[in-house]
Amino acid sequence: MSSCTSWRTCGRCETFFLDPRNYKDRPSPLVREFGALLRKIWSRDNFKSVVSPHELVQEVTRASKLRFKIGTSADAADFLGWLLNQLHRDLGGTKRPGSSIIHDVFQGSIRVETLSRKTHLTKRDDADVDATATSAESAGWKRDEKDLNFLYLTLDVPPTPLFKDTQGGNIVPQIPLFDVLTKYNGVRLTDTVRAGVQSRRRYVITKLPKFLVFHFARFSKNNFTAEKNPTIVHIPVKDLELKDQFALEGIASQEATKYDLLANACHDLPAGLDKDGRKEPLQHGTYRVHVKQQSSDQWYEIQDLHVSETMPQLIGLSESLLTIYQRRDA
C-alpha cells in the first residue's frame, strides 16, 4: 500500500475523498472504501495509533480480479496506474480532460513523434541512427505524431556497469535526476525494436499536471529471470525547475514549472540477495515511503508499522521507484 501512503500527500484529492457528499451518487465500492480509509486516518475520534486498510485491500483484490491480492507483492507503479484509472472510471470520468478529480490533479499531456520501419534487427541498434527528418523518410521510415495524456512519466534508469570494483562487488552508479529527464527534452530519440519493427520516438510535453509523478523503471524480465536495476538517482527535494529540462509547448510553456517533492516510494532488497539473478526481486524486497508533513516541513520514513523521522538529504540516496512532486501554484 506504499502508493496509497504516498498519495495522501496530494491535498486536493485527499480533500475530495474526505467528504463523502462528493461521490454519494457513485455506487463503486472501491471509491467508498478509499474515502472511508482516508476519513479513518484523519478522524479525531481514533483511539488507536494504527488504521487498518483491510477493507480497501479486499476491495482492490475484487476490483482488480486478483491482479493485486493479499500476500503477493506487486510493482507499486502498476498498482498506482491501475488505482488512478479505476477511481477515474468509477467517479464517472471520461476521456475528456478534467472530467474527474483524478485527471484534474494528475493528468498531463504529451506529444509523441514516432519514426518506424520494418527491420531484421532483434534489439536496439544505435549505430543505425539518423536524426534528420529528411534522410529518415528517404531511408524508409514512416512518420507518425500523436497527442496523448499521461498520469505519470516513466524514466529509464541506465543499466549498471558490467565491471566489478576492487573488492569484487558490482559498482552501483549514482546519477542526478536531470540525466534521466533528457528522455523528454524534445531532442533525444528513444529506440525500441518489437515484432520486427524498429521505432524511434521523441517526446514533447504540452501540459504539466499540478502533481507530477515520476516512475523509475527498475524492474525488467527476460526469458529466464526477473531483475532489478539498483542505480541510485539523486532526486531534488525542493526547487525542481523543469523549464530547462523538458521541451515545453502549448499550455505547458505558459504555466509554472517549479516543483517540490511531496513523497518518495523506494524498493529495497536484503543485502546479498539476488546476486545470481535466481530470485524474484518483487517477492523478496520491501517498500519504504518518505512523506513530508506540510505544516512542520518534517520528513518521515514509513515502512509497514514503523514510522521515524528522517533527513531530506537521505531521500536522494534511496532506490526510488515512485516520486510525487507538487507544482508551486497548485
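1. Start with Arg 202, where a polar atom of the side chain sits 3.2 Å from the backbone oxygen of Gly 186. Bear in mind as you look around that this is a predicted model. Arg 202 belongs to strand E6, which covers residues 197-207. Is Arg 202 buried or exposed? With a relative accessible area of 19%, Arg 202 counts as buried, because the cut-off for that label is under 20%.

2. Next, have a look at helix H3, residues 29-42. H3 has 14 residues, and the distance from its first C-alpha to its last is 20 Å. That is close to the 20 Å expected at 1.5 Å a residue. At the start of the helix, a side-chain oxygen of Ser 28 comes within 3.3 Å of the backbone nitrogen of Leu 30. Leu 30 is itself one of the buried residues of H3.

3. You'll find His 88 in helix H5, which takes in residues 76-90. Its relative accessible area is 5%, so His 88 is buried. What does His 88 touch, once neighbours within four places in sequence are set aside? The contacts are Gly 93, Thr 94, Ser 99, Ser 100, Ile 102 and His 103.

4. Leu 66 has a phi near 70°, which is a positive value in a residue other than glycine. Leu 66 sits in the loop between helix H4 (54-63) and H5, and at 54% relative accessibility this leucine counts as exposed. Asp 239 is the other one: its phi is positive, about 60°, although Asp 239 is not a glycine. The loop that holds Asp 239 runs between strand E10 (232-234) and strand E11 (240-241). At 44% relative accessibility, Asp 239 counts as partly exposed.

5. Finally, turn to the surface around Leu 314. Which residues make up the nonpolar patch here? Leu 314 forms it with Met 311 and Leu 317, and together the three have about 280 Å² of accessible area. Leu 314 lies in helix H10, residues 312-315. Its relative accessibility is 42%, so Leu 314 counts as partly exposed.

Methods:
Residues numbered from 1 in each chain as written. Predicted model: local features only at pLDDT ≥ 70, side-chain atom pairs only at ≥ 80, totals over all residues. Heavy atoms only, no water. Patch = residues over 30% accessible without salt bridge, like charges linked within 9 Å, V, L, I, M, F, W, Y side chains within 5 Å. Areas by Shrake-Rupley, 256 points an atom, 1.4 Å probe, with all protein chains shown as cover. Salt bridge = Lys/Arg side-chain N within 4 Å of Asp/Glu carboxyl O. Helix = DSSP H or I, 4+ residues; strand = E, 2+ residues; numbered from the N terminus. Buried < 20%, exposed > 50% of the residue type's maximum accessible area, 1.4 Å probe, protein only. Contact = heavy atoms within 4.5 Å. Polar contact = N/O pair within 3.5 Å; in protein donor to acceptor, adjacent residues only side chain to side chain. Expected span 1.5 Å × (residues − 1).
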